[in-house]
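This report describes one protein chain for a reader who is new to structural terms.

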Amino acid sequence: MNDQLFKSAMSKFTTGVTVITTKVDEKVHGMTANAFMSVSLEPKLILISVHEKASMNKYIKESGKFAVSILAEGQEDMSMYFAGQIKEEKSVDFVQFNGMPVLENSIVHLTCDVANAHIEGDHTLFIGAVTDIAVNESNPLALYNGKYQTVN
Ligand code: FAD
């Protein structure tokens with residue numbers, strides 16, 4: 001089975017888009033991720049999957065915490081920027097939520113403590129124990145077939 005077939009099949013699963021943030025020694029780091037899911041209601045757990053080569057992998061291991069901003073329609077530029085697809089350096093204004101940096105105007109902010117980490121293949125699955133949630137009612141940014149979509 002070739003990599004392209006696997007990637008193409010996975011791209012047919014429509015997802016939202018998130019920016020994961022963490023901070024180490026007060027330095028903030030952000031990374032775009034669509035490998036995000038709910039895991040458990042009691043206790044409240046979520047999962048993110050982070051590539052072993054992403055800087056975010058070591059930052060989350062160091063800090064033991066992360067936040068998730070679920071992007072709204074119109075935040076394609078944030079998705080591209082935190083995926084390293086826009087090269088010029090930007091100063092991003094993070095807002096603080098429960099002591100963690102998150103992106104303004106996202107539809108959901110979650111803060112999490114790392115409850116567990118499982119290395120699977122070339123990714124680490126971080127299980128986050130949710131410590132706080134904020135929801136803003138607006139339309140999400142979606143991803144299907146490698147392209148951004150809007151959902152009304
Ligand atoms: P870097 O490549 O070092 O940083 C990413 C970018 O964010 C850089 O441009 C950097 O300058 C900027 N940045 C970071 N922090 C700040 C800050 N504080 N202020 C200003 N700029 C900052 N990878 C996964 O592992 N899992 C996924 O689920 C996943 N899903 C993706 C979904 C989409 C739609 C896309 C486009 C990419 C996805 N990726 C995923 C790939 C991942 O986003 C990139 O490989 C990313 O570049 C890896 O991040 P890094 O931690 O190595 O950070």
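## Strands, sheet and ligand shell

β4 and β5 form a hairpin, and 4 residues lie between the two strands. Helices (H or I, at least four residues) and strands (E, at least two) are DSSP runs, numbered from the N terminus. Two strands pair if DSSP finds at least two bridges between them. The model is predicted: local features need pLDDT of at least 70, side-chain atom pairs count only at pLDDT 80 or more, and totals for chains, interfaces and linings use all residues. Residues are numbered from 1 along each chain as its sequence is written.

**The chain as a whole.** The chain has 3 helices and 12 strands. Its radius of gyration is 15 Å, close to the 15 Å that the globule rule gives for 152 residues, so the chain is as compact as a globular protein of that length. The radius is taken over C-alpha atoms, and the globule rule is 2.2 Å times the number of residues to the power 0.38. The C-alpha trace spans about 40 × 35 × 35 Å along its principal axes. Of the 152 residues, 27% count as buried. A residue is buried if 20 or more other C-beta atoms lie within 10 Å of its own, exposed if 12 or fewer, and partly exposed in between, with C-beta atoms placed from the backbone.

UniProt, in an unreviewed entry, lists residues 10-150 as "domain: Flavin reductase like". UniProt positions are given in the numbering used here, feature names are shortened, and annotations may be inferred rather than shown by experiment. Over residues 10-150 the chain is 12% helix and 54% strand.

Strand β5 covers residues 45-51, and its side chains alternate.

**The open sheet.** 3 strands form an open sheet in the order β1-β11-β12, with antiparallel pairing. β1 (15-16) and β12 (147-150) stand at the edges, each with a single partner strand, so one side of each is left without a neighbour in the sheet. In the hairpin of β11 and β12, which has 2 residues between the strands, Asn145 takes a positive phi near 60 degrees.

| Strand pair | Bridges | Opposite residues |
|---|---|---|
| β1 and β11 | 2 bridges | Gly16 and Ala142 |
| β11 and β12 | 4 bridges | Tyr144 and Lys147 |

**Around the ligand.** Which residues are the closest to the ligand? They are Ala33, Ala35, His51, Met56 and Ala83, and 23 residues surround the ligand in total. A residue is near a molecule or strand if its C-beta atom, placed from the backbone, lies within 6 Å of it. β3 (27-33), β5, α2 (55-63) and α3 (76-81) are the elements that give two or more residues to this shell. β3 gives the most, with 6 residues. By class, the shell has 13 nonpolar, 9 polar and 1 charged residues. Ala, Val, Leu, Ile, Met, Phe, Trp, Tyr, Cys and Pro count as nonpolar, Asp, Glu, Lys and Arg as charged, and the others, Gly among them, as polar.
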